[in-house]
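Here is a friendly walk through one protein chain.

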Amino acid sequence: MAPSTSLDPMPAESTPTVQFLTPEGELVTSAPAEEYAPYLERLTDDDLRAFYRHMAVVRRFDLEGANLQRQGEMALWVPSHGQEAAQVGSAFAARTQDHIFPSYREHAVGLVRGIDVLSIVELLRGNTHGGWDPTDPTNGNFHGYCLVIGSHSLHATGYAMGMQRDGVVGTGDPEVDAAVLCYFGDGATSQGDVSEAFVFSASSQTPNVFFLQNNHWAISVPVRVQSRTPLYLRSRGFGIPSVQIDGNDVLASYAVTAKHLDDARSGKGPQFIEALTYRVGAHTSSDDPTKYRDEDVHNLWVSRDPITRFEKYLRAKGEGDAYFDEVRVEADDFAADIRRRTLVLEAPPIGTMFDHVYSEPHPVLAEQKLWLERYEASFEEEQA
Ligand SMILES: Cc1ncc(C[n+]2csc(CCOP(=O)(O)OP(=O)(O)O)c2C)c(N)n1
Ligand SMILES: [Mg+2]
């Protein structure tokens, strides 16, 4: 059991947290984890290596993103450092036909679902308003990032209600049945939108899995200010069962999400998962966490690092230096490729900002677009 910290909403000892991997990388099955253990048995060694590889690559991508922002290539960077296990495990639990509604820190989920993560750079550089097209089959049903805190929990619930009406829930066909996995943060649970999503999801018994990454901070507000109860208990008052997991344990994240997505697809209704994790970096590149964070608590969470923990586990299982060296080279190459492609990104034609406001052409926007294009062109005429 993870030791509690002054930032935990309640002492960890009093909550039944599902954990399979201790921070030392030892495999354990505590009582609350037992029902999820069968979901681990289906994992092959290749799956475990894929978990590690994705976590390592996305951490390197995150570092490159932060560096590129500091070098003036992006307006903003949103770090995912520390949250790799919560994201990679849960993302691997989703099936191809499931839909994912992220907030804005889910770089690892996007990577697992197959988006070109350069799109995240383009979004934070201001080159696009959306980043990627979720309806493009190559984008793994990974919907757009959402910066309006908690609002996408309603989109995710509405989408799941649509799936029920489309008849893709509870058919018993594993190729057809689908669910919606929705990610949000501890701060988002204070938003009315999340409560409303819980109401509608519970009353319609939608195929939703709500995945909360409790990274202990909403910018500079600690989680203990957001809630007087552990957050995983929140949904129960709405009639949505819930479970708290060690979010720095990729195996717990995988197994628990896999079980509840299975339940959701088969028509058993929604589930809420609270993954206890920690935002090791700043909220964004615009934030300075040294102004409000306790160094000792920070260091405690760093000692629970999800990637180091999983590396210890894999090494104990027999994985050697060659594999870890290979992943390190792959992660460096990946980051170098992102850098190379970022540096040649060009600003899009200015009119594109009007193109996706509505799904169909709109006369007022068409007029505004024309006006802006003429205005821009007037500078070129002046110079001529
Ligand atoms: C509706 C709304 N209110 C306020 C903000 C400003 N804001 C941006 S991020 C953030 C904190 C969110 O914290 P949390 O939900 O824990 O997610 P995290 O950033 O920790 O992943 C706030 C308040 C916003 N983007 N949207
Ligand atoms: Mg948070």
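Threonine 171 lies in the loop between α6 (151–166) and β2 (180–185). The names of these elements come from DSSP runs numbered from the N terminus: helices are H or I runs of at least four residues, and strands are E runs of at least two. This is a predicted model, in which local features need pLDDT of at least 70 and side-chain atom pairs count only at pLDDT 80 or more, while totals for chains, interfaces and linings use all residues. Residues are numbered from 1 along each chain as its sequence is written, and chains are lettered from A and ligands numbered from 1 in the order in which they are written.

A residue is called buried if 20 or more other C-beta atoms lie within 10 Å of its own, exposed if 12 or fewer, and partly exposed in between, with C-beta atoms placed from the backbone. Leaving aside neighbours within four places in sequence, threonine 171 is in contact with Val176 and Asp177; contact here means that the C-beta atoms, placed from the backbone, lie within 7 Å. The C-alpha atoms of threonine 171 and valine 327 are separated by 40 Å, and the two residues are 156 apart along the chain.

Axes are lines fitted to C-alpha atoms, for helices over the stretch in contact, and angles run from 0 to 180 degrees between N-to-C directions.

| Helix pair | Axes come within | Crossing angle |
|---|---|---|
| α2 (45–70) and α11 (306–316) | 10 Å | roughly 150 degrees |
| α2 and α12 (321–343) | 9 Å | roughly 35 degrees |
| α3 (84–93) and α9 | 7 Å | roughly 35 degrees |

With axes crossing at roughly 150 degrees, α2 is roughly antiparallel to α11; angles over 145 degrees count that way, under 35 as roughly parallel, 65 to 115 as roughly perpendicular and the rest as oblique. The α2 and α11 crossing is left-handed, meaning that the near helix is turned anticlockwise from the far one by less than a right angle, whereas clockwise would be right-handed. Leu48 and Phe51 of α2 and Pro306 and Ile307 of α11 are among the residues making this contact. By class, the contact of α2 with α11 has 9 nonpolar, no polar and 2 charged residues. In this sorting Ala, Val, Leu, Ile, Met, Phe, Trp, Tyr, Cys and Pro count as nonpolar, Asp, Glu, Lys and Arg as charged, and the others, Gly among them, as polar.

The crossing of α2 and α12 is right-handed, and the residues of this contact divide into 10 nonpolar, 1 polar and 6 charged.

Helix α3 also passes α9 in a right-handed crossing. That contact has 10 nonpolar, 4 polar and no charged residues.

How is α9 placed in the structure? Of its 16 residues, 13 are buried, so α9 is largely enclosed by the rest of the structure. Just after α9, glycine 267 takes a positive phi of about 95 degrees.

Histidine 216, in the loop between β3 (208–214) and β4 (217–218), is buried, with 24 other C-beta atoms within 10 Å. Isoleucine 219 sits in the loop between β4 and β5 (221–222) and is partly exposed, with 13 C-beta neighbours inside 10 Å.

Terms used
Contact = placed C-beta atoms within 7 Å.
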